[in-house]
Amino acid sequence: MLRASAVCEAAGYPTSSLTCEGFLRQAAATSVGLGMPNIPVALVPGHIGNKSEDELRRDILEVTAQKVIENLTLAPAAQAGQAEPAPRDIVVRGGFGEVNRYFYAHEFSDGLPIVPPTREAIGAFLAFTERDSDESLGVLLPDRRAATVWSIAVNGVMAGCRPEYMPVLVALIEAMCDPEYGVEHSGNTPGGDTLIILNGPLIKELGFNYTQGALRDGFLPNTSIGRFWRLYLRNVAGFLPHKTDKATYGNTWRVVLAENEDVLARIGWEPTSVEMGFAAGDNTVTIARYTGGGSLSSVSGSTPEQMLPYLADSVQKFNNWQITFTTSHGNGTLRPLVVVSPIIAETIAKAGWKKSDVKKYLYEHARIPAWEFERQLHEWNIRGVWDLKDDVTAGRIPKAFYESDDPNRMVPIVWEPGDFMIAVAGDPLRNNAYVFAHNGFLGYPVGKKIQLPKDWQRLLAGRQ
Amino acid sequence: MSRQTNDGYYEAHWPRSERQQRARPLAPRLASLQGKTVAQLWDQLFKGDVVFELLEEALKARFPDVKFVSWREFGSTHGGEEKAALAALPGRFRELGVDAVISGMAC
């Protein structure tokens, strides 16, 4: 909303931004990144979603309306900018404890101890990239800071990464800067967290876990790179809890999911990297943001027909309110992810099924009655001016969502089979799976190729 | 008992980077809303339709000649097409004779 207001102000139109009470601090912080720290907001007391009609009427007429008038007719006081260090400044000198106290006090850390980013440690990371350390890979909202190679190294050191992870970190920030991903939405209230999927020979070269305990901390590359992502969101993008990060409920960062490419090759299924448009054997990262999901225990059966109903049912149930991204509001950007253990993938593939067959099955069976789809968004959620018939009639979403007036007709939860993503990882001999509920355009899947330095093998040998 | 610690000594660099956005001026404010045209921008979430009706009522009571351009004219300002929607706003405002904007909802 503030982004819209900033566009209007820049074009010469005075604005008033309607802001619920709990979002005033976010608005104040976000306005600095927009270059308009004094952009005016009009308070809406409390939260609008839980007011009676009378309460809402009273608050808007007695509080908000007066602020709107003031916003549009009185020039807001100018706000002085806050002085900051230069990009390569040393900000604290001292012992490990002192450095950590300083970083925590200045909101640079996540609460766990960080590795002090010294010149020597940063230099070791920079040795693993051929990019200039001053190069900016993009500009990140809400703080609108430059995503420099230097800052990637600094935050990589802090997260406890090893220097040889640097090519992965650079690729991740390239992905974070990609407009299709939508990093600016990373502080939205459902509190989604990014999952990083890794593909390619680097999985083994750098020692990622991709078998039992996938998604569990305890493996240095998986864990520290996941932490790096969160630190970079904090320090460079600028997402801080109680300010710009408005997660109602968050999670600790997600550790990296590395695919089991041995199994994928054996059963003839393409890895996620190939589905994202890269060549088989490329080292890649794929990112997307998920607001929920959960595990499926014991996907039993010896044929796809026996196993997939359970998967389809769970995909539909775990992607609950997220179907808002399937409507015109989300422009069909819902991309649910299903991670299956190797034994599940192998059993399905044994029947001759490809990934595309599984996706088609999910598209046809992970469905809900139209009345339930509409009730979820129209009555329970936040989209009171919407329904499926309008969206289809206006040509904004596929016809599959309104093929009749029967409220019991079954409608899909995505626009097309290819919207489902499937990855293979986890305990090779346990028939469990994990469904991720996707956050649509607020964290759309983006993949990037990892560029290794020319003397990668020598550098890596030097580290080992 | 030794009082020596092994906390080490570090010179730690700033983990942030330079902001790329310099401060920009706001648009000039209006002398009054009387006779002015106010556009409503909505992300189509959080009862904005109800809020705009109430604001119209309140503002018309104070400024009888104020006019409004409904949020329906502009589509959602938040969603999969946000960037294109925002880029189109100044042109639409010129066409519609807009003088000021109310934008919601941050909730």
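The exercises below work through a predicted model with chains A and B.

Being predicted, the model uses local features only at pLDDT of at least 70 and side-chain atom pairs only at pLDDT 80 or more, while totals for chains, interfaces and linings use all residues. Residues are numbered from 1 along each chain as its sequence is written, and chains are lettered from A and ligands numbered from 1 in the order in which they are written.

**Exercise 1. Describe the fold pattern and extent of chain B.**

Step 1. Take the elements. Helices (H or I, at least four residues) and strands (E, at least two) are DSSP runs, numbered from the N terminus. Chain B has three helices and four strands. Their order along the sequence is β-β-α-β-α-α-β.

Step 2. Take the extent. The C-alpha atoms of chain B fill a box of roughly 85 × 30 × 30 Å along the principal axes.

Step 3. Take burial. A residue is buried if 20 or more other C-beta atoms lie within 10 Å of its own, exposed if 12 or fewer, and partly exposed in between; C-beta atoms are placed from the backbone. By this count, 42% of the 107 residues of chain B are buried.

**Exercise 2. Characterise the side of chain B that touches chain A.**

Step 1. Count. Two residues are in contact if their C-beta atoms, placed from the backbone, lie within 7 Å. 59 residues of chain B are in contact with 84 residues of chain A.

Step 2. Find the sources. Strand S1 (10–13), helix H1 (48–62), helix H3 (89–96) and strand S4 (100–106) of chain B each supply at least two residues. H1(B) gives the largest share, eight residues.

Step 3. Sort by class. Ala, Val, Leu, Ile, Met, Phe, Trp, Tyr, Cys and Pro count as nonpolar, Asp, Glu, Lys and Arg as charged, and the others, Gly among them, as polar. This side of chain B has 32 nonpolar, 14 polar and 13 charged residues.

Step 4. Check strand pairing. Two strands pair if DSSP finds at least two bridges between them. Strand S3 (residues 90–94) of chain A and S1(B) are joined by four bridges and run antiparallel. A:Arg93 stands opposite B:Glu11 in S1(B).

**Exercise 3. Is helix H6 (residues 149–159) of chain A buried or exposed, and what covers its residues?**

Step 1. Count the buried residues. 11 of the 11 residues of H6(A) are buried. Among them are A:Trp150, A:Asn155 and A:Met158.

Step 2. List the cover. It includes helix H5 (119–126), strand S5 (145–148), H7 and helix H9 (220–237) of chain A, together with S1 of chain B.

Step 3. Look past the end. A:Gly160 follows H6(A), and its phi is positive, near 90°.

**Exercise 4. Locate the largest nonpolar core.**

Step 1. Size it. Such a core is a set of buried Ala, Val, Leu, Ile, Met, Phe, Trp, Tyr and Cys residues joined through C-beta atoms within 7 Å. The largest has 118 residues. Those with the most contacts inside it include A:Leu169, A:Leu172 and A:Ile196.

Step 2. Trace the sources. Helix H7 (residues 166–177) of chain A gives the largest share, nine residues.

Step 3. Beyond neighbours within four places in sequence, A:Ile196 is in contact with residues including A:Leu172, A:Trp229 and A:Leu257.
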